[in-house]
Amino acid sequence: MLAAMFAFAHHFAAFSLFAALVVELVLVRSELTLASARRLLRADLVYGIAAASILAIGFARVKWFEKTPAYYLHSATFIAKIALFALIGLLSIYPTRMLLGWRKALAAGELPTLDAATRSRLAFVIHLELVLLVALILCAALMAKGVGQIT
């Protein structure tokens, strides 16, 4: 039962991460208001918590609740999944740093500045994260079926 609960938590965190990214993309593409800027910060916080949860729970699943770590380390699709997760994490640094830079203005009740070029870059990075996340999900499905085992 514990293994099933960890699997549930892992999937819930993954869906939360995906949802947070979709919310960020929608908000970045819409008119920026004080309310939407605050929502962007909250969505990014959810994203960060979900990403940290995925890592922690995923590590526990590999180590204690699923197949042996050796099984996963001999899976090309698992390695690809981890590489994609790391790449998505690296890409997320740009939006997170930008949004965290808004905290002072938002605390003062001021609207942060977001010019068209920066908005476009933010939307592109978030969209790229979503596309890579879809590829990661494909790797997860393939991995679950044993595709990519290195013998």
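**Helix packing and aromatic contacts in a predicted model**

In helix H2, Leu40, Leu41 and Asp44 meet Thr96, Leu99 and Leu100 of helix H5, where contact means heavy atoms within 4.5 Å. The residues of this H2 contact with H5 divide into four nonpolar, one polar and one charged. Here Ala, Val, Leu, Ile, Met, Phe, Trp, Tyr, Cys and Pro count as nonpolar, Asp, Glu, Lys and Arg as charged, and the others, Gly among them, as polar.

The model is predicted: local features need pLDDT of at least 70, side-chain atom pairs count only at pLDDT 80 or more, and totals for chains, interfaces and linings use all residues. Residues are numbered from 1 along each chain as its sequence is written, and side-chain values use heavy atoms, with hydrogens and water left out.

Two packed helices are described by the angle between their axes and the distance between the axes. H2 spans residues 34-65 and H5 spans residues 93-100. Their axes come within 10 Å and cross at roughly 135°. Axes are lines fitted to C-alpha atoms, for helices over the stretch in contact, and angles run from 0 to 180 degrees between N-to-C directions. H2 and H5 are therefore oblique to each other. Angles under 35 degrees count as roughly parallel, over 145 as roughly antiparallel, 65 to 115 as roughly perpendicular and the rest as oblique. The crossing of H2 and H5 is left-handed, that is, the near helix is turned anticlockwise from the far one by less than a right angle.

The protein chain has seven helices and zero strands. Both are DSSP runs numbered from the N terminus: helices are H or I with at least four residues, strands E with at least two. The C-alpha atoms fill a box of roughly 55 × 30 × 20 Å along the principal axes. Of the 151 residues, 37% are buried. Buried means under 20% relative accessible area, exposed over 50%, and partly exposed in between (1.4 Å probe, protein chains only).

The structure holds five aromatic pairs. The ring centres of Tyr72 and Phe78 lie 5.2 Å apart and their planes stand at 50°, so the pair is tilted. Rings of Phe, Tyr and Trp (its six-membered ring) pair if their centres lie within 6.5 Å; planes under 30 degrees apart count as stacked, over 60 as edge-to-face and the rest as tilted. Tyr72 is buried at 8% relative accessible area, and Phe78 is buried at 12%. Tyr71, Tyr72 and Phe78 form one aromatic cluster.

Phe8 is found in helix H1 (residues 2-29). Phe8 is exposed, at 53% relative accessible area.
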